[in-house]
Amino acid sequence: MSKKVRFARPSWRRIGFAALLLAVLAGGVAAYFFCPLPYDRAPALASLDGDPVRGEYIATIGNCAACHTVPGGAPYAGGVKFVTDFGTIYSTNITSDDANGIGGWSFAAFHRALKHGIGDGGEHLYPAFPYTSFSRMTDDDIASLYLYFQTVEPVAEGNRENEMSFPFGYRDLLHFWKRMFHSPRPFTNSPALSSEGNEGAYLVEAVAHCAECHTPRGMLGNANRSRMFQGGTYVDATRRGTYRQWAAVDLTPGAHGLPTWTEQDMDQYLATGINRHAVVHGPMNEVIEATRQLKPADRKAISRYFSELKPSPTRWDLSLPSWGVDDGEVVYTVHCGTCHLPEGDGDPTLGVSLQQNPIIQAEDPSSLINVILYGPDLPPPPFSVDRSQMKPFGRRLSDEDIAALATYLRSNFGNNASSVSASQVVRQR
Ligand code: HEC
Ligand code: HEC
Ligand code: HEC
């Protein structure tokens with residue numbers, strides 16, 4: 001016996017209604033994407049509490065110099081190269097030169113650049129310039145920065161053309177990117193933080209932009225705000241002009257982040273680049289160059305803020321990876337244990353502790369592999385550590401040895417992270 005299925009015949013009226021609904025929806029989506037971006041106009045400079053001395057301090061903590069000064073070049077003359085998945089971007093001249101820098105910019109134009117990522121000619125700027133963070137600064141601080149940059153020695157150096165891959169050379173596309181990922185909302189205090197923690201939050205989130213490296217990014221280069229400070233990936237130029245990937249580690253008090261760091265540990269690290277857990281090296285060198293100039297109360301507020309962050313969730317299961325661990329243990333005992341000790345607990349004069357270490361446990365093992373291949377790339381003087389120096393192991397150990405060693409470290413000494421393959425080591429060579 002066959003069952004008779006009755007189809008309800010759609011009435012014209014219903015079809016008409018569905019089409020109308022669709023048209024309204026599509027129109028709404030299009031209107032959302034194409035309509036002008038929210039835009040707050042700059043208050044008059046004279047109405048703000050701008051101070052060039054404060055501006056110089058904000059520029060130092062915001063590390064404008066690290067991105068706008070080429071090593072050995074004139075301060076703030078631009079030309080620093082940024083290699084992204086979308087092409088190569090060069091930072092611009094932000095000295096007070098009228099023709100090449102920002103000397104001729106009005107305060108309104110400067111405010112619009114920091115808040116909305118828009119250049120003097122109205123063009124969209126690439127978020128390699130971290131306006132996604134700077135937009136959260138107070139208008140007073142933006143005014144202070146403006147007044148300070150008016151005093152920066154003019155340098156007549158032209159800007160370099162970016163080399164973007166198709167279609168990212170069209171700056172207008174950034175309109176849609178901003179629609180999705182940039183809101184120029186000012187910083188507001190969070191009820192989840194203490195008042196000191198909120199002071200630190202402002203400095204970290206709006207000025208020092210630690211999240212630009214330490215937060216994972218989505219496919220379109222957007223920071224994944226729901227995973228704030230749970231660890232990101234960063235590509236940095238080497239002295240030889242090549243590029244190397246690094247893991248900017250989890251900075252939350254979660255198990256893979258900094259669970260053993262007290263506020264004093266963070267304070268000491270930001271002031272001196274060294275504490276009982278870690279020694280600054282790699283891309284953090286230029287960050288510490290800025291944080292060491294923080295006023296003690298500001299540094300303390302930042303340390304408080306990190307201690308009040310929500311711990312990141314445990315990302316991987318705690319079973320040992322079976323591959324490579326025994327081989328890795330042998331390599332460790334022969335080459336590393338003398339300084340970092342058999343239990344990985346380290347020694348103040350021989351080598352830092354590798355227990356519950358954020359670099360070892362980072363989701364992305366790049367920084368760990370870099371340290372083994374090239375040794376820790378310590379900052380230039382006046383920074384100094386008075387103890388044994390770790391040498392590079394890139395020539396002495398094979399890719400397989402390093403993969404096994406990294407896997408061993410990631411599953412021992414209280415660390416827990418996925419295993420490392422030889423091809424991941426090859427990529428970092
Ligand atoms: C992480 C790197 C980075 C940091 C930090 C940074 N900038 Fe930039 N900045 C850039 C890049 C790259 C561009 C060029 C963007 C483009 O071409 O779309 C840029 C562009 C600009 C522009 C637009 C200039 C123009 O000619 O259109 C201004 C203004 C500016 N930066 C000011 C600052 C200030 C002030 C600070 C510090 C508070 C700062 N930048 C910190 C990377 C950075
Ligand atoms: C330009 C990218 C970048 C920025 C900006 C940045 N970091 Fe880092 N950070 C890294 C990388 C990469 C590492 C991994 C260590 C290394 O290889 O340099 C790291 C490591 C760290 C560590 C762990 C150190 C260790 O050895 O265990 C701390 C703590 C830290 N960063 C704090 C901060 C704070 C606080 C800020 C903001 C003031 C900040 N970082 C801004 C890239 C960055
Ligand atoms: C001669 C002593 C010595 C030897 C041998 C040595 N290290 Fe180190 N290691 C250090 C010191 C000291 C530091 C801190 C940076 C510095 O002061 O040079 C360090 C830093 C590190 C770091 C960075 C930790 C952090 O949180 O910043 C890692 C990871 C590391 N070593 C792993 C290894 C591995 C793996 C081996 C074996 C292949 C090894 N080390 C061999 C002395 C040594």
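**Loops and peptide bonds**

Tutor: Pro382 is in the loop between α16 and α17 (399-410); helices (H or I, at least four residues) and strands (E, at least two) are DSSP runs numbered from the N terminus. This is a predicted model, in which local features need pLDDT of at least 70, side-chain atom pairs count only at pLDDT 80 or more, and totals for chains, interfaces and linings use all residues. Residues are numbered from 1 along each chain as its sequence is written, and chains are lettered from A and ligands numbered from 1 in the order in which they are written.

Student: What is omega for the cis peptide bond that joins Pro381 and Pro382?

Tutor: Pro382 belongs to the loop between α16 and α17. The bond that joins Pro381 to Pro382 is a cis peptide bond, with omega at about 15 degrees.

Student: Where is Pro167, which a cis peptide bond joins to Phe166?

Tutor: For the bond between Phe166 and Pro167, omega is about 0 degrees. Pro167 has its place in the loop between β3 (163-164) and α7 (174-181).

Student: Does Tyr76 count as buried or exposed?

Tutor: Tyr76 lies in the loop between α3 (64-68) and β1 (81-84). A residue is buried if 20 or more other C-beta atoms, placed from the backbone, lie within 10 Å of its own, exposed if 12 or fewer, and partly exposed in between. Because Tyr76 has 26 C-beta neighbours inside 10 Å, it counts as buried.
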